[in-house]
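Here is a brief report on a two-chain model. Keep the sequence and the 3D view open while reading.

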Amino acid sequence: MHQPGEVDLVNCAKSFGETLAVDGINLKIPAGTYCCLLGPSGCGKTTILRMIAGHETPTSGEVRIDGENVVGLPPGRRGTAMMFQDYALFPHLTCVDNVAFNLKASGVPKPKRREQAHEMLARVQMAAFADRVPAQLSGGQKQRIALARALITNPRVLLLDEPLSALDEFLRLQMRGELRRMQRDLGITFVHVTHTQPEAIALADLVVVMDHGHIEQAASAQDVYTKPLTAYVARFMGGQNVLAGRVSAVFNGVVVLDLPERGRVEFAAIDPVPRTGATVHISVRRDRIHLAKQTVGERVNALSGRVRAIEYQGAWVKVTLEGAGGEDFVVNLPDSEFFADPVNFGDAVRAHWSAGDVHPLSGGAGRTDRPYASGQN
Amino acid sequence: MATHTTEGRPWTFYALAGIFTLFVMFLYGPMACVYILSFQGPNGGLTFPLNGVSTHWFGALFRQERTGDIAGAFSRSVPLAIIVLTLTVILSLAAGLAFRRRFLGAGLIFYVAIASLIVPGLVLSVGIGLAFQMLGIPPRWYSSALGAHLSWTLPFGLLIMFAIFSRLSRSYEEAARDLGASTWQSLCYVVIPIVLPGIIGVALFGFTLSYDEFPRSWLTVGPNNTLPLEIWAMTTNITSPALYALGTVTTVISFVVIAVALTSIAMIQSHRSRQRLARERAMRAGS
């Protein structure tokens, strides 16, 4: 019934006056994919969405949907439908007339379009609200109406601009599940813009991490989270500690990295093998690190510091170490491990991990070095 | 820090309330005098006290030839006000839409349009009168006076439209376009219905500003007066309470126009909500 569409951006750029919002990106979103465009505000993700929708014209490059360049086509003729961040429900129309709007514009007679709109409302569990106006709805209800209004156009690609940001936490989680279920049922392509990392990895088949108009990494949620390409992605996705050091030796397939004032890291050589003296960024997952109370011991793949903060998170405990001159180092300990031998504020401890948990960041620092963390080595 | 614990109002409340009372009295007192005196008895004069109460002077208004051509002036003022209203609504709506996008010279055009608010009406009237004379076109209420009135109502209409459109989220139009509406459909089905209350406001402004306009009409109406000019002429040559009766009648007309506009809005709204209630009830009964 629904035909999924493939979205292909080719050297797509957009500038507003002097500001370059999107800098010649290439991105292929396969048909039927749930894709999340993820990045901080101003990174160009909404501009990309609006260029796919046709509300913004690329300065250069092409937007292809199922192979056809749609630049210049009006938004209504692209096979896309957009859900706006503020939902943009027409305040003077009832829910059923809002949903029927597309049919009205294409000249479907009133009884028929009302009937179809009622069916669509039933699909989003809003049948009982058909005759309300948007002002009488809650945020979650508005969103369902906006979804129904977009879906009635039979889109191949549904574009969602921060659809969950206006909802409270509970509703956000509920709607997140519904969006994913809806995408699976319909089988169409969803492109969802968000600045929330957990939302992206919970929903998406394809996560596109953006920064300053560039794509830093486009990969599966698992790859983006566990194998970030750059320090920027590792920091933005969270759950990682990023360290930078100078390669002091490479032998027997092992790279030895000297961290300034912090010890040494060893890990299996990557391809291409870094040269001695080169600066290499690595990341280590917060939940793959253990703590030892004695500060003496193995200095390889270990780091000493003072406990600066302890946060209980339920299933785990977040321990923040104040490194020597570096950015904070965070260890997420399973609650059982933490409470077996708890550490306290101000304790000098040693964090250690295995060489297998070191992930070299092959893309280096990323374009903007560190958007969120403070302090630099 | 408040040191007293009583719930009393501060003295400033009473001072401001007093000023406001004086203001209201000043605003409506003189008008009330005119309305009361228009019901002067047949033998009464132009001033208090009332010498009996009658509607004699309202009758005299239409009987006496020497009161001037009230009916004729009225038959020009109302159509003129309606033409001004229509043009003001259409042009200021179009301008409001145009100014939503930035275009070259937008700022200049805006200031030029607004500047005519500052130009004294009489000067403008003299200018338009002169220009028409130079061009050899006889001034008439439907040509030169219409233009003069528009120079007054359009900047007002424009300013109101700007205020309305600045609050109108652009995403409504984008949503309409996204849902396949043409530019025209987006305007008719979405933009105009949303801004309709503002459009009615502009229409009311256009009507009343034109209907009472004196200075801009002065040298531009040609041989036949509009109502304000006719009233002015009458004040110089008649000295009977018929003048007050005329004031009362014209005020009533203004009020009727406003009341019709407001009740029609209220009726549209209550009609919509009644329909909604009826549909909801029908649906509950059906389910």
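This is a predicted model: local features need pLDDT of at least 70, side-chain atom pairs count only at pLDDT 80 or more; totals for chains, interfaces and linings use all residues.

Chain A contains 10 helices and 20 strands. Chain B also has helices, 10 of them, but zero strands. The table sets the chains side by side.

| Property | Chain A | Chain B |
|---|---|---|
| Helices and strands | 10 helices, 20 strands | 10 helices, zero strands |
| Extent of C-alpha atoms along principal axes | roughly 80 × 45 × 35 Å | about 70 × 70 × 55 Å |
| Buried residues | 44% of 377 residues | 29% of 287 residues |
| Contacts joining residues at least 24 apart, among those at least 6 apart | 67% | 75% |

For chain B there is also a radius of gyration, at 25 Å. A compact globule of 287 residues would have a value near 19 Å.

**A sheet in chain A**

Which strands form the open sheet, and in what order? Four strands of chain A build it, in the order E2-E1-E4-E5. The pairing is antiparallel. Strand E2 (19-29) and strand E5 (68-69) of chain A are the edges, and each pairs on one side only. Inside the sheet, strand E1 (residues 7-16) and strand E4 (residues 60-65) of chain A are joined by five bridges. These two strands run antiparallel.

**Domains of chain B**

Chain B splits into two domains. Domain 1 covers 26-64 + 238-269, and domain 2 covers 71-228. Their C-alpha centres are 29 Å apart. How many residues of each domain of chain B are in contact with the other? Seven residues of domain 1 of chain B are in contact with eight residues of domain 2 of chain B. Helix H10 (residues 242-286) of chain B supplies the largest share of the domain 1 side, six residues. By class, that side has five nonpolar and two polar residues, with no charged ones.

**The nonpolar cores**

The largest nonpolar core holds 137 residues. Leu159(A) and Val208(A) touch the most other members. The element that gives the most to this core is in chain B: helix H8 (residues 183-211), with 10 residues. A second core is separate and has 11 residues, among them Leu37(B), Leu227(B), Met234(B) and Leu246(B).

Leu159(A) deserves a look in the viewer. Set aside its neighbours within four places in sequence. Leu159(A) is then in contact with Leu49(A), Ile52(A) and Ala53(A), and also with Thr80(A), Ala81(A), Met82(A), Met83(A) and Val191(A).

**Where the chains meet**

How many residues of each chain are in contact with the other chain? The count is 22 residues of chain A and 18 residues of chain B. On the chain A side, the elements that give two or more residues are strand E6 (80-83) and helix H3 (101-105). H3(A) gives the most, with four residues. The chain A side has 11 nonpolar, seven polar and four charged residues.

Most residues other than glycine have a negative phi. Two residues of chain A can be checked against that rule.

Asp66(A) is not a glycine, yet its phi is positive, about 50 degrees. Where does Asp66(A) lie in chain A? Asp66(A) is in the loop between E4 and E5. Is Asp66(A) buried, exposed or partly exposed? Asp66(A) has 16 other C-beta atoms within 10 Å, so it counts as partly exposed.

Gln125(A) also has a positive phi, near 55 degrees, and is a residue other than glycine. Gln125(A) lies in the loop between helix H4 (110-123) and helix H5 (139-151) of chain A. Why does Gln125(A) count as exposed? Gln125(A) has 12 C-beta neighbours inside 10 Å, and a residue is exposed if the number is 12 or fewer.

How values were computed:
Residues are numbered from 1 along each chain as its sequence is written. Chains are lettered from A and ligands numbered from 1 in the order in which they are written. A residue is buried if 20 or more other C-beta atoms lie within 10 Å of its own, exposed if 12 or fewer, and partly exposed in between; C-beta atoms are placed from the backbone. Two residues are in contact if their C-beta atoms, placed from the backbone, lie within 7 Å. Domain bounds come from an automatic or database domain assignment. Ala, Val, Leu, Ile, Met, Phe, Trp, Tyr, Cys and Pro count as nonpolar, Asp, Glu, Lys and Arg as charged, and the others, Gly among them, as polar. A nonpolar core is a set of buried Ala, Val, Leu, Ile, Met, Phe, Trp, Tyr and Cys residues joined through C-beta atoms within 7 Å. The radius of gyration is taken over C-alpha atoms; the globule rule is 2.2 Å times the number of residues to the power 0.38. Two strands pair if DSSP finds at least two bridges between them.
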